[in-house]
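Open the model in your viewer and keep the selection tool ready.

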Amino acid sequence: MTTSISELIAEKIDAMPASERKAAQTLIANYPLIGLRTVAEFSTQAGVSSPTILRFVARLGFQSYPDFQGALQEELAAQVQSPWNRASAIQPSKGSAAFPLMEAAIENIRETFQHLSAQQLDDVTDAISRNRARVYLLGGRFTDPIARYMAAHLKITRPGVTHLTGQESHWRDHLIDMGKKDVLVIFDIRRYQHSLVRFAEKAQARGVEIVLITDQWLSPIARFARHVIAGRTAVPSPWDSSATLFLVAETLIAEVTRKLEKSSATRIRDMEKLRDN
């Protein structure tokens, strides 16, 4: 699998000058559609010059703007593929791997963490670790088990953690208690869930800091998110693999526990005492 443009941005953004970083952030927030417009339209929305857009595209490794747009068009097509489409495209394995899906999942993990910067990880860890923040977690049809798993661990590590369950109307009931000090972690992969997008938009309008954990093609929730972690999910199967997203969640759990080492140790000790009584 070729490296996605969102992965290239995550890998290179720390080295970009401020103007190119604005172009990168504009693309992530309007992914991938703004990149399919003209250079002039892209530059106007980003608030930078047209030469800056071209330098940004070159920094990502593309020879020309049409090449860049061609890659985005391929990603857009991949976003909307159904399991049936993917099943018909899978070719029988001719390699020596006895378990091709396992090999693909391992490669997904390796590539995801290669493109995940330490700064990204630190920023998300800091957000989830803030003492005064309430942390809400939510996922889609296939990703909500990851949200539930992460919430179960974070509840042991720190107070104020809520896994949003049930119907969309139930999630909306929590909005009244959500504000600028709070964090919403959302898991969403293709084909992206409209109810999650709507909820993210409402939460962002209330000033909630959103952490999006998604696939390499980026959920539309990216336009509302402060932090975006893109994990590879495609494997030789009609179904996407969530193995990488689980490992991202476990990495964040470990980092938050380490950051809150003193308070979490006390909390865990007190919790064990309560269980023994």
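Select Ile 5: beyond its neighbours within four places in sequence, Ile 5 is in contact (heavy atoms within 4.5 Å) with Leu 27, Tyr 31, Leu 60, Phe 62, Phe 68, Ala 71, Leu 72 and Glu 75. This is a predicted model, where local features need pLDDT of at least 70, side-chain atom pairs count only at pLDDT 80 or more, and totals for chains, interfaces and linings use all residues. Residues are numbered from 1 along each chain as its sequence is written, and side-chain values use heavy atoms, leaving out hydrogens and water.

Together with Ile 5 they touch the most other members of the largest nonpolar core, which has 47 residues. Such a core is a set of buried (under 20% relative accessible area, 1.4 Å probe, protein chains only) Ala, Val, Leu, Ile, Met, Phe, Trp, Tyr and Cys residues joined through side-chain atoms within 4.5 Å. Helix 11 (residues 194-205) gives the most to this core, five residues. A second, separate core of 28 residues includes Phe 187 and Leu 252.

Next, show the open sheet: five strands in the order 2-1-3-4-5, with parallel pairing. Strands (E, at least two residues) and helices (H or I, at least four) are DSSP runs numbered from the N terminus; two strands pair if DSSP finds at least two bridges between them. Strand 2 (161-163) and strand 5 (227-230) are the edges.

Terms used. Buried means under 20% relative accessible area, exposed over 50%, partly exposed in between (1.4 Å probe, protein chains only).
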